[in-house]
Protein chains: 2
Amino acid sequence: MQEHTDPPDGPSPGLVSTAIQAITQHIRSEGLAAGDPLPSEAAMTRQLNVSRTVVREAFRSLSAMRLIDMSAGRRATVAKLDTGAMSMVIEHGITTQQISVQQVYDVRRTIEMRTVALAALRRTNAEAAAIAQSARLMRESCKSPETVMEHDIAFHEAIAAASHNPVFSLIVTAFSGVTRRTWVIGWRTRSSDEDQLKMIKGHEDIADAILKGDPRLAAEHMAEHFDKSVKALIDAGIA
Amino acid sequence: MQEHTDPPDGPSPGLVSTAIQAITQHIRSEGLAAGDPLPSEAAMTRQLNVSRTVVREAFRSLSAMRLIDMSAGRRATVAKLDTGAMSMVIEHGITTQQISVQQVYDVRRTIEMRTVALAALRRTNAEAAAIAQSARLMRESCKSPETVMEHDIAFHEAIAAASHNPVFSLIVTAFSGVTRRTWVIGWRTRSSDEDQLKMIKGHEDIADAILKGDPRLAAEHMAEHFDKSVKALIDAGIA
DNA sequence: CAACAGAAACATGTCATACAGGTTTTTGAG
DNA sequence: CTCAAAAACCTGTATGACATGTTTCTGTTG
């Protein structure tokens with residue numbers, strides 16, 4: 001066992017932070033991949049010379065950020081990339097009014113203009129089909145707003161997935177939580193059935209452009225879609 | 001005290017998750033803003049009818065995500081928007097090889113093409129000065145790569161700040177950690193001093209375009225900058 | 001009455017221990 | 001060799017204790 005830098009530690013960033021660092025460092029230095037098991041709490045307790053309380057709080061923190069998976073009886077494992085933490089940060093920003101819904105939509109627009117273009121260029125046939133399927137389901141379920149919304153969200157996430165860049169997927173998915181809280185507002189603002197169908201048509205246009213492999217057209221439709229969505233939100237008074 | 005939905009809880013997502021939800025719910029329902037104090041652990045213990053262990057792990061988890069601030073003796077407070085959690089997620093993705101540096105750069109390029117345009121349109125004079133200052137410092141300290149890097153990072157974060165959309169700042173800042181780990185590689189690939197100075201010149205061009213308030217020119221220079229950076233990384237063998 | 005120092009009350013940080021389940025490994029009977 | 005029971009190991013939760021940091025109260029003093 002090494003001294004784990006105890007005396008030269010300046011003030012005291014807290015034992016838990018130290019433990020968190022030790023665990024992430026372990027993942028790094030051992031070159032662990034998603035699914036690989038981590039040391040048990042008892043092992044960490046011995047290695048760091050701290051109580052299980054501290055080690056547990058560290059594991060739990062990493063679990064909250066979805067960097068590791070925990071479950072009773074099993075050792076913790078390295079987690080697959082997940083959106084949980086980012087979602088919570090964004091939602092925290094919204095609920096504490098540090099960011100506005102409109103600002104989130106501006107970022108979404110920026111990102112999805114790109115994902116849609118990439119999707120048009122790189123989508124597999126299966127991905128193109130999945131995107132088209134979501135658009136179709138939106139039309140078919142247009143009686144139930146919540147169902148439309150879920151298909152809408154799935155639509156955008158499917159496009160992000162088809163960009164073949166998981167970082168885009170991560171961000172787009174992180175925004176889905178915010179979308180779930182504001183989507184209905186925009187839907188209600190589209191007073192007439194005609195407006196609502198026009199909005200669904202917009203999704204189909206995007207899906208078609210992706211199927212055709214035309215990135216410029218796809219981006220154009222996506223821009224239009226977002227401009228209308230933001231306008232709907234503004235009309236509804238979402239600052 | 002209410003029953004806090006104990007029996008109808010289905011399987012059992014764990015008491016800690018429940019406590020986390022209760023705390024975030026508290027923030028939401030009380031409309032708390034950054035800096036406002038949360039209930040003490042003892043109060044939460046009573047309210048949720050669980051042990052302090054559970055409540056503490058919940059608080060600690062939220063603290064790890066930087067949704068709340070904790071410090072000894074004081075009650076926890078609602079935290080200002082912070083990049084901590086997002087950084088960790090991105091770095092986790094990189095170290096576990098679930099995402100590549102190049103993919104991160106592609107996202108950065110997408111986002112910063114937008115932040116730079118917004119900055120050109122919305123920057124205050126002070127922000128324009130700060131951006132130009134960072135570029136100048138890059139040139140002045142070009143002997144010390146690490147110093148250049150820090151000014152480079154500050155440059156990009158300053159542009160994001162000048163976009164006046166904190167969500168962009170959040171994302172750009174979250175990527176800074178990755179940049180710190182790969183920047184030097186790109187720098188070394190620019191073998192000659194001339195190449196290095198050309199790269200610094202690129203930053204000055206961006207700063208000038210922002211100062212002039214020309215979003216198209218600014219975006220053009222930014223695109224060029226990223227294309228060269230990515231090329232440098234690819235040349236260095238970063239997949 | 002006001003100011004201030006010290007005590008008390010309160011809060012978090014860490015530790016030790018205990019026990020209830022869940023999971024993996026070992027063992028032993030067939 | 002197979003397979004089921006037992007043992008060993010692991011995480012989830014609860015309780016109590018104490019150190020240390022922060023706020024609040026209080027009584028004394030100027």
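Predicted model: local features only at pLDDT ≥ 70, side-chain atom pairs only at ≥ 80, totals over all residues.
Biologist: What should I know about the numbering and the model?
Modeller: Residues count from 1 along each chain as its sequence is written, and chains are lettered from A in the order in which they are written. Local features need pLDDT of at least 70, side-chain atom pairs need pLDDT 80 or more, totals for chains, interfaces and linings use all residues, and side-chain values use heavy atoms, with hydrogens and water left out.

Biologist: How is chain B laid on chain A?
Modeller: By a turn of 180° and a shift of 0.0 Å along the axis, with an RMSD of 0.1 Å (least squares on C-alpha atoms of residues with pLDDT of at least 70 in both). The two copies are thus related as by a two-fold rotation axis.

Biologist: Which residue of chain B comes closest to the rotation axis?
Modeller: B:Ser61, its C-alpha at 2.2 Å.

Biologist: How many residues are in contact?
Modeller: 48 of chain B with 48 of chain A, contact being heavy atoms within 4.5 Å.

Biologist: And salt bridges?
Modeller: The rule finds 6 across the interface (a side-chain nitrogen of Lys or Arg within 4 Å of a carboxyl oxygen of Asp or Glu). A:Arg60 and B:Glu57 form a salt bridge at 2.8 Å, N to O.

Biologist: Switching to helix 6 of chain B, which residues are buried?
Modeller: B:Ala128, B:Ile131, B:Ser134, B:Ala135 and B:Met138, where buried is under 20% relative accessible area with a 1.4 Å probe, protein chains only. The helix is a DSSP run (H or I, at least four residues), numbered from the N terminus.

Biologist: What covers them?
Modeller: The cover includes helix 7 (145–162) and helix 9 (193–212) of chain B.

Terms used. Buried < 20%, exposed > 50% of the residue type's maximum accessible area, 1.4 Å probe, protein only. Helix = DSSP H or I, 4+ residues; strand = E, 2+ residues; numbered from the N terminus.
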